[in-house]
Amino acid sequence: MGKAIFFALASCVLGVFLSVQPAKAAWIGDYEVAGVEDDDMLKMRAGPGIGYKVVLGLPNGTILRVHSCTQTGGTRWCEVSLKAARSLKGHVSWAYLRKK
């Protein structure tokens, strides 16, 4: 194999390896809903903000998987799924989550 072909091939292979992004973690961790008044529930919303539709009410003690968090206005919103029903996803306020 000629040197030119070898270097071209090596450059292509190296380019592929350098362009690969690391895999995103499936979730940040498991968290428990905490700090909600006894007669209330944490609202899981369709998006990160109070303007989004409420998907579900979550009582204290509910275990969630946190996938990512973003700051929207003065609130940190986290994309979560129920640990017991992972296909049920939404957004909740970080203020009501405690590391499990």
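## The largest pocket

Val36, Glu37, Asp40, Met41, Leu42, Lys43, Arg45, Ile50, Trp77, Ser93 and Tyr96 form the lining of the largest pocket. Keep in mind that you're looking at a predicted model. The space in this pocket comes to about 170 Å³.

Which strand gives the largest share of the lining? That's strand 2 (residues 42-45), with three residues.

Now for the charged pairs. Side chains of opposite charge can pair when their charged atoms come close. In this model, the count of salt bridges is four.

Have a look at Asp30, which sits in a network of salt bridges with Arg65 and Lys83. Start with Arg65: its salt bridge with Asp30 has the closest N and O atoms 3.3 Å apart. This pair links distant parts of the chain, as Asp30 is in strand 1 (residues 29-33) and Arg65 is in strand 4 (residues 63-72), 35 residues apart.

The other partner is Lys83, whose side chain meets that of Asp30 in a salt bridge at 3.2 Å, N to O. Asp30 belongs to strand 1 while Lys83 is in the loop between strand 5 (75-82) and strand 6 (89-93), so this pair ties together parts 53 residues apart in sequence.

## Another pair: Glu32 and Arg98

Strand 1 turns up again here. Glu32 makes a salt bridge with Arg98, and the closest N and O atoms are 3.0 Å apart. Glu32 lies in strand 1 and Arg98 in strand 7 (residues 97-99), so the pair ties together parts of the chain that are 66 residues apart in sequence.

Arg98 counts as partly exposed, at 47% relative accessibility.

How values were computed: Residues numbered from 1 in each chain as written. Predicted model: local features only at pLDDT ≥ 70, side-chain atom pairs only at ≥ 80, totals over all residues. Heavy atoms only, no water. Helix = DSSP H or I, 4+ residues; strand = E, 2+ residues; numbered from the N terminus. Buried < 20%, exposed > 50% of the residue type's maximum accessible area, 1.4 Å probe, protein only. 1 Å grid on protein atoms, 1.4 Å probe; cavity = no way out; pocket = protein on both sides within 12 Å on 5 of 7 lines; lining within 4 Å. Points joined across faces, edges and corners; volume = space filled by probe spheres on them.
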